[in-house]
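Please open the model in your viewer and keep the sequence panel beside it, as each stop on this tour asks you to select a few residues and look at what surrounds them.

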Amino acid sequence: MSQSSSKNLEELASGKLGRLLLKYSWPALVAMSLNALYAVVDRFYIGQGCGEAAMAALTLAMPVMLLFVAFGVLVGVGHSTVLSIKLGAGDNRACERLLGELVALKLLFFFILPPIVFLNLDTVLGWCGGREVSAEALGQAKTYLKLVIFSHVFSHLAFGLSAAMRSEGRAINSMMCMVVGFGANLILDPILIFGVNCQWSIVNFRVPAMGVAGAAWATNVAMFLSCVYALAYYIRGKSVVKLRLKCIGIYPDLVWRTFGIGFAPFLQQLLGSLINVSLAAAFAKWAADEASATQQVASLGVFQSVMILVFMPILGAQQGLQPIFGYNWGARNFRRVKAALVLGFWVTTALCVFACV
């Protein structure tokens with residue numbers, strides 16, 4: 001283990017809680033905000049130049065994306081939490097198996113979920129209000145999902161490995177994993193959505209305007225780059241926990257414990273997806289006509305973007321607390337776990353009040 005890695009683990013065990021919460025929360029806040037801003041940035045550019053139908057299309061696609069996030073959370077939160085506990089207990093072998101199982105389950109869900117959704121796309125979008133909006137909006141929603149749905153293997157691996165980095169005290173590396181992807185998405189979105197026609201001297205560079213399809217391709221490239229960064233971090237061998245090919249698999253003695261921990265946040269995300277389904281369906285169903293339904297669903301997308309930004313600081317604080325809880329629980333330092341819990345309660349309560357105001 002490198003000297004910096006050892007220092008990070010010692011800090012989790014004995015550092016001042018307030019400073020630790022700040023140290024781990026702000027990178028988690030940045031990472032989660034950038035993750036959420038994928039959708040916000042897409043909507044910003046789409047809303048500026050592609051019209052209400054395109055905006056409604058992204059809103060129809062949102063519950064499907066949240067469904068994938070829910071299964072990602074089931075694996076990522078559960079494994080990163082148990083990873084922190086095992087690091088605190090000094091069980092390095094279990095840590096390597098947990099990291100290998102995280103990768104294996106992310107790949108397993110990729111081979112199950114996207115094909116099911118892809119084959120039932122009309123039905124799924126119909127539940128979200130796709131039958132009431134214009135044919136243009138529904139068509140663009142299908143285009144977006146068909147392009148994005150299979151690239152989620154990259155985002156799931158990136159987010160899962162990013163959570164594992166944070167568990168071993170590498171909050172900055174975890175944040176940079178998201179920064180790389182968001183930066184690529186921010187640059188590529190306007191280029192691929194609106195197109196580029198550059199003629200200068202002997203250079204003739206042209207990218208056709210792709211609208212919603214361009215937003216999907218920008219997201220795909222961004223997810224891939226985040227995944228490359230995450231894998232490179234572990235392949236370089238500088239991590240506390242090593243990602244070993246022989247450890248990639250599913251372990252019955254570990255998987256049920258990780259699912260037990262990950263089930264509560266999974267349920268939260270799943271219900272969030274269902275709430276978005278019910279809102280989109282209600283906005284579309286009770287509109288006066290097809291044009292009004294499209295407009296209503298598009299306006300719901302604007303509201304969702306604002307709410308994402310409001311809740312990010314709260315989720316960032318929660319993510320910052322997780323490695324402190326997990327490591328000290330594994331080290332059987334329950335007094336420190338309780339102190340971190342009380343501190344987290346007051347901080348998140350203050351953030352909730354601020355968000356409300």
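A search of the whole structure, which is a predicted model, finds three salt bridges.

Next, select Asp-253 and Arg-97, which form a salt bridge with 3.1 Å between the closest N and O atoms. This pair also links distant parts of the chain, with Asp-253 in helix H10 and Arg-97 in helix H4, 156 residues apart.

For another salt bridge, select Asp-122 and Lys-142, whose side chains meet at 2.9 Å, N to O. Here Asp-122 belongs to helix H5 (residues 121-130) and Lys-142 to helix H6, so the contact ties together parts that are 20 residues apart in sequence.

Now turn to the aromatic rings, which make 10 aromatic pairs. Select Phe-118 and Phe-150: the ring centres are 5.5 Å apart and the planes stand at 50°, so this pair is tilted. Phe-118 is in helix H4, and Phe-150, 32 residues apart from it, is in the loop between helix H6 (135-148) and helix H7 (152-167). A second pair to select is Tyr-233 and Tyr-234, which is edge-to-face, with 4.9 Å from centre to centre and 90° between the planes; both Tyr-233 and Tyr-234 are buried. Then highlight Phe-71, Phe-109, Phe-263 and Phe-266 together, as these residues form one aromatic cluster.

Continue with helix H3, residues 51-89, which has 39 residues and reaches 55 Å from its first C-alpha to its last, close to the 57 Å expected. Look along H3 for a bend of about 30° at Met-62, with a proline, Pro-63, following within four residues. Of the 39 residues of H3, 33 are buried, so this helix is largely enclosed by the rest of the structure. After H3 comes Gly-90, whose phi is positive, near 75°.

Finally, show the surface and select Leu-107, Leu-108, Phe-111, Ile-112, Ile-116 and Ile-250, which make a nonpolar patch of about 550 Å².

Terms used: Residues numbered from 1 in each chain as written. Predicted model: local features only at pLDDT ≥ 70, side-chain atom pairs only at ≥ 80, totals over all residues. Heavy atoms only, no water. Helix = DSSP H or I, 4+ residues; strand = E, 2+ residues; numbered from the N terminus. Expected span 1.5 Å × (residues − 1). Bend = angle between axes of the 7 residues up to and from the residue. Buried < 20%, exposed > 50% of the residue type's maximum accessible area, 1.4 Å probe, protein only. Patch = residues over 30% accessible without salt bridge, like charges linked within 9 Å, V, L, I, M, F, W, Y side chains within 5 Å. Areas by Shrake-Rupley, 256 points an atom, 1.4 Å probe, with all protein chains shown as cover. Salt bridge = Lys/Arg side-chain N within 4 Å of Asp/Glu carboxyl O. Phe/Tyr/Trp six-rings, centres within 6.5 Å; stacked < 30°, edge-to-face > 60°.
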